[in-house]
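The following note sets out numbered points on the structure shown below. Each point may be read beside the sequence and the coordinates.

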Amino acid sequence: MEKKKCPQCKNLILKTSPTCLYCGRPNKFITKEYVNKKWHKDNKKNVLDYIFINKYIVFILLLIFTIVMIKFS
């Protein structure tokens with residue numbers, strides 16, 4: 001495995017380690033792009049799609065229920 005020097009404490013650490021074992025400095029700065037690349041998804045997009053789809057389904061079912069009640073009463 002390849003090693004490099006930590007810029008803060010100058011100890012050798014692995015290039016793949018997320019933080020320095022000695023001082024705790026992050027090896028890779030965690031950004032939104034880094035998290036999305038690691039987990040292969042965009043959390044905000046999935047949540048918004050789920051909320052909007054459920055609202056439309058509830059509205060359509062309520063509309064159908066109202067029309068049926070008006071017709072058969």
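1. The chain contains two helices and two strands, taken as DSSP runs numbered from the N terminus, with helices (H or I) of at least four residues and strands (E) of at least two. Along the sequence, the elements follow the pattern β-β-α-α. The model is a predicted one, in which local features need pLDDT of at least 70, side-chain atom pairs count only at pLDDT 80 or more, and totals for chains, interfaces and linings use all residues. Residues are numbered from 1 along each chain as its sequence is written, and side-chain values use heavy atoms, with hydrogens and water left out.

2. On burial, 7% of the 73 residues in the chain are buried; the term buried stands for under 20% relative accessible area, exposed for over 50%, and partly exposed for values in between (1.4 Å probe, protein chains only). The chain exposes about 7,000 Å², of which carbon and sulfur atoms supply 67%. These areas come from the Shrake-Rupley method with a 1.4 Å probe, and for residues only the protein chains shown count as cover.

3. Of the contacts in the chain with a separation of 6 or more, 0% are between residues 24 or more positions apart. A contact here means heavy atoms within 4.5 Å.

4. How many disulfides does the count give? The count comes to zero disulfides, a disulfide being a pair of cysteine sulfur atoms within 2.5 Å. Cys9 is in no disulfide, and the nearest cysteine sulfur, that of Cys20, is 3.6 Å away. Cys23 is likewise in no disulfide; its nearest cysteine sulfur is that of Cys20, at 3.7 Å. Cys9 is partly exposed, at 26% relative accessibility, and Cys23 is partly exposed at 34%.

5. The loop between β1 (3-5) and β2 (12-14) holds Lys10. Lys10 has a positive phi of about 65° although this residue is not a glycine. Its relative accessible area is 52%, so Lys10 counts as exposed. Pro7 is also found in the loop between β1 and β2, and is partly exposed at 47% relative accessibility. Pro7 and Cys20 are 13 residues apart in sequence, and their C-alpha atoms are 9.6 Å apart in space.

6. The side chain of Ser17 reaches the backbone oxygen of Leu14 at 2.9 Å. A polar atom of the Ser17 side chain also lies 3.4 Å from the backbone oxygen of Thr19. Polar contacts are pairs of N or O atoms within 3.5 Å; within protein, one atom must be able to donate a hydrogen and the other to accept it, and residues adjacent in sequence count only if both atoms are side-chain atoms.

7. The count gives one salt bridge, defined as a side-chain nitrogen of Lys or Arg within 4 Å of a carboxyl oxygen of Asp or Glu. The side chains of Glu2 and Lys15 form this salt bridge, at 3.2 Å from N to O. Glu2 lies in the segment before β1 and Lys15 in the loop between β2 and α1, so the pair ties together parts that are 13 residues apart in sequence. Side chains of opposite charge can pair when their charged atoms come close. Glu2 is exposed, with a relative accessible area of 55%, whereas Lys15 is partly exposed at 43%.

8. Which residues make the nonpolar surface patch of about 870 Å²? The patch is made by Tyr56, Phe59, Ile60, Leu63, Ile64, Ile67, Val68 and Phe72. Patches are made of residues with over 30% relative accessible area and no salt bridge, with like charges joined within 9 Å and nonpolar side chains (Val, Leu, Ile, Met, Phe, Trp, Tyr) within 5 Å. Phe59 lies in helix α2 (residues 43-71) and is exposed, with a relative accessible area of 52%.
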